[in-house]
Amino acid sequence: MHLVLVSSWTMGSLYHLLRVGPRHQLFAHHATLLHKEGHASLTGLYCNPFGKERRPVWKPIRRFFTDHVNTATAGLLYGSIPNHYATAHAKIHHRWHNDTGNVTTNMDFDRSLFSQFLLYLLRFTAYWTGISPVVLFYSLGEYKLLKRLL
């Protein structure tokens, strides 16, 4: 009985290590860093350590760190596109809150059908590759955001 329990526990651990493993754990840190910085635009995730009160570091420096250095290093391993999060996520997802104007929405799909899931995968792939945000910003005439993505 002991051998069966150890074997099951060992195989279960090995399965989850291979499934979630270091690659996805590091991706979680990468994505969390981008997400926290994107939402900390007022208070700042990176604060000036030399001041007496908590003041954010100058915004272009923060944007350079997360949108260029982080995505240009760790992003090469995980498929992140520089400036994608700051523009596409913040200006599309938070503007339309998963409504039909949001190019990542899944509200118009029946999630119980496999064919609908495949269509959603195509939509989300177009979003994460930067294709659908570029098309959306161009069609809305938001050329400043379009330029940040290109």
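From the N terminus on, the elements of the protein run α-α-α-α-α-α. The model is a predicted one. In total there are six helices and zero strands. The protein has 150 residues, and 27% of them count as buried.

## The largest pocket

Rolling a probe the size of a water molecule over the atoms shows where empty space is left. In this model, the largest pocket holds about 290 Å³ of space. Its lining consists of 19 residues, and those nearest the centre of the pocket are Phe27, Ala31, Leu34, Tyr85 and Trp128.

At least two residues each come from α1 (2-39), α2 (59-78), α3 (84-96) and α4 (114-128). The helix that gives the most is α1, with five residues. By type, the lining of the largest pocket divides into eight nonpolar residues, ten polar residues and one charged residue.

Trp128, one of the residues nearest the pocket centre, belongs to helix α4. Is Trp128 buried or partly exposed? Its relative accessible area is 38%. Buried means under 20% and exposed means over 50%, so Trp128 counts as partly exposed. Along the chain, Trp128 and His84 are 44 residues apart, while their C-alpha atoms are separated by 8.1 Å.

## Salt bridges

Side chains of opposite charge can pair when their charged atoms come close. How many salt bridges does a search of the whole structure find? The search finds two.

| Residue with N | Residue with O | N to O distance |
|---|---|---|
| Arg95 | Glu142 | 2.9 Å |
| Arg123 | Asp108 | 3.0 Å |

Where do the partners Arg95 and Glu142 lie? Arg95 is in helix α3, and Glu142 is in the loop between α5 (131-140) and α6 (143-149). These two residues are 47 residues apart, and the pair links distant parts of the chain. Arg95 has a relative accessibility of 35%, so Arg95 counts as partly exposed. Glu142 is also partly exposed, with a relative accessible area of 21%.

In the pair of Arg123 and Asp108, the side chains meet in a salt bridge. This pair, too, links distant parts of the chain: Arg123 is in helix α4 and Asp108 is in the loop between α3 and α4, 15 residues apart. Arg123 has a relative accessible area of 24% and is therefore partly exposed. Asp108, at 44% relative accessibility, counts as partly exposed.

## A nonpolar surface patch

The surface also carries a nonpolar patch of about 430 Å². Which residues make this patch? They are Met11, Leu14, Leu17 and Leu18. Leu17 has its place in helix α1, the helix that gives five residues to the lining of the largest pocket.

Key: Residues are numbered from 1 along each chain as its sequence is written. This is a predicted model: local features need pLDDT of at least 70, side-chain atom pairs count only at pLDDT 80 or more; totals for chains, interfaces and linings use all residues. Side-chain values use heavy atoms; hydrogens and water are left out. On a 1 Å grid over the protein atoms alone, a cavity is a set of points where a 1.4 Å probe fits but cannot get out, and a pocket is an open set with protein on both sides within 12 Å along at least five of seven lines; lining residues have an atom within 4 Å of a point. Grid points are joined across faces, edges and corners, and a volume is the space filled by probe spheres set on the points. Helices (H or I, at least four residues) and strands (E, at least two) are DSSP runs, numbered from the N terminus. Ala, Val, Leu, Ile, Met, Phe, Trp, Tyr, Cys and Pro count as nonpolar, Asp, Glu, Lys and Arg as charged, and the others, Gly among them, as polar. A salt bridge is a side-chain nitrogen of Lys or Arg within 4 Å of a carboxyl oxygen of Asp or Glu. Buried means under 20% relative accessible area, exposed over 50%, partly exposed in between (1.4 Å probe, protein chains only). Patches are made of residues with over 30% relative accessible area and no salt bridge: like charges are joined within 9 Å, nonpolar side chains (Val, Leu, Ile, Met, Phe, Trp, Tyr) within 5 Å. Accessible areas come from the Shrake-Rupley method with a 1.4 Å probe; for residues, only the protein chains shown count as cover.
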